[in-house]
Amino acid sequence: MTQPVDDTRSLPGTQLSWTSLRERLLDGIVLAVLLGALILFALLPGPALRWMRAPFIGAFVQPHLVFNDLSGAGATDWSAEQLGLEFGDQLVAVDDAAVASAAELLAELHSRQIGEQIVLGIEQRNGDQMTISLTLRALPLIDRMVYAYVPYLVGFAYLLLSLWVFGTRRGEPAARAFTVLGAALAVVLAGWYDTNSSHQFVIFWTAALGLVGAGLFHLGLTFPRPHGISLRAAYLRMLGYVVAVLLVANALAGLSQAGVPWLYTNAWRLLAIFVGAAFGFLLVMVVLRRMNTPSPVEAQQTRVVLWAAGFAFFPG
């Protein structure tokens with residue numbers, strides 16, 4: 001007796017194909033990145049404004065209160081180097097009050113006034129102790145612009161562009177890569193001041209920095225359309241994300257090591273190197289596509305990217 005044949009899989013709409021499921025999953029992940037970036041943009045201004053209202057010690061500190069090498073952008077110059085400090089030196093006290101976190105430092109600063117003289121207790125990277133006397137000041141407006149306002153606004157523009165690309169070109173590999181890249185870059189820019197002040201969102205900033213590198217690598221394989229190598233081995237598009245996860249995990253491990261405060265800074269600098277290498281890879285791939293494409297549309301798209309990259313790095 002002939003058995004009935006179950007041909008439900010051939011009926012349209014009865015079962016989503018693996019390709020369709022994968023596409024929906026990828027769109028969901030990209031949408032989650034966008035929503036996360038939007039939430040962070042709503043939360044970032046609060047801590048930043050609280051820090052701006054506090055007196056300024058004349059240098060920025062990264063997580064674990066490690067001094068960095070940032071300096072003033074205006075006529076009122078300031079930097080940790082001018083205070084006699086080096087990378088890896090750690091703030092451990094304000095006058096006689098021990099401080100072990102950005103929140104404790106902010107509380108001490110809010111209890112003092114601009115123009116007041118204070119003494120900072122410093123533990124140098126070699127373990128020696130030192131003190132520095134200084135006069136509290138206000139963070140100059142030009143530095144608020146350079147380190148907070150302008151990066152936030154530029155980041156917001158990237159976020160809006162990412163939302164537009166996702167809304168109009170969703171489903172295209174290059175559009176997904178650009179959306180992740182734009183949203184992550186938006187968080188990195190907007191969170192730069194937080195990373196050097198309150199440190200409340202430093203975990204998300206670190207993850208976003210890794211996503212910038214991964215997004216650049218992904219875009220290099222898919223812009224303006226998937227390259228042959230990524231079509232033959234689609235898993236290569238995920239390679240940048242794997243590297244990003246490993247580097248972010250390393251940075252977060254350093255963040256948890258309060259006893260070795262400069263480990264985190266070294267780790268996020270590795271992330272920055274990854275971003276630079278990924279950007280170089282993107283440019284190489286764009287140049288190769290520019291040289292080999294027969295399509296005038298693709299040639300124009302690659303030309304725009306190269307001009308934009310040149311303007312960004314060589315504005316003069």
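The sections below treat the basis of the model, its cavities, its ring pairs and its charges over rings.

## Basis of the model

The model is predicted: local features need pLDDT of at least 70 and side-chain atom pairs count only at pLDDT 80 or more, while totals for chains, interfaces and linings use all residues. Residues are numbered from 1 along each chain as its sequence is written, and side-chain values use heavy atoms, with hydrogens and water left out.

## Largest cavity

Two cavities of 30 Å³ or more are present in the structure. A cavity is a set of points, on a 1 Å grid over the protein atoms alone, where a 1.4 Å probe fits but cannot get out; its lining residues have an atom within 4 Å of a point. Volume is the space filled by probe spheres set on the points, which are joined across faces, edges and corners.

The largest cavity holds about 130 Å³ of space. Its lining comprises 15 residues, and those nearest its centre are Trp 51, Pro 55, Phe 56, Phe 60 and Tyr 193. Helix H2 (45-53) and helix H3 (102-110) are the elements that give two or more residues to this lining; helices are DSSP runs (H or I, at least four residues), numbered from the N terminus. By class, the lining has 13 nonpolar, two polar and no charged residues (nonpolar: Ala, Val, Leu, Ile, Met, Phe, Trp, Tyr, Cys and Pro; charged: Asp, Glu, Lys and Arg; polar: the others, Gly among them).

## Second largest cavity

About 50 Å³ of space lies in the second largest cavity. Leu 40, Leu 44, Val 187, Gly 191, Asp 194, Phe 201, Phe 204 and Trp 205 line this cavity, and they divide into six nonpolar, one polar and one charged.

## Aromatic pairs

Rings of Phe, Tyr and Trp (its six-membered ring) pair if their centres lie within 6.5 Å; planes under 30 degrees apart count as stacked, over 60 as edge-to-face and the rest as tilted. The count comes to twelve aromatic pairs. In one of them, the ring centres of Trp 205 and Trp 268 are 5.6 Å apart and the planes stand at 85°, so the pair is edge-to-face. This pair links distant parts of the chain, 63 residues apart: Trp 205 in helix H7 (residues 202-222) and Trp 268 in helix H10 (residues 263-292).

Trp 205 is buried at 3% relative accessibility, and Trp 268 is buried at 13% (buried: under 20% relative accessible area, 1.4 Å probe, protein chains only). Ring pairs also join Phe 56, Phe 60, Trp 78, Tyr 147 and Tyr 193 into a cluster.

## Charges over rings

A charge sits over a ring if NZ of Lys or CZ of Arg is within 6 Å of the ring centre and within 35 degrees of the ring normal. Arg 125 lies over the face of Trp 262, 3.8 Å from the ring centre. The charged end of Arg 170 is placed over the ring of Phe 166, at 5.5 Å from its centre.

Technical notes
1 Å grid on protein atoms, 1.4 Å probe; cavity = no way out; pocket = protein on both sides within 12 Å on 5 of 7 lines; lining within 4 Å. Buried < 20%, exposed > 50% of the residue type's maximum accessible area, 1.4 Å probe, protein only.
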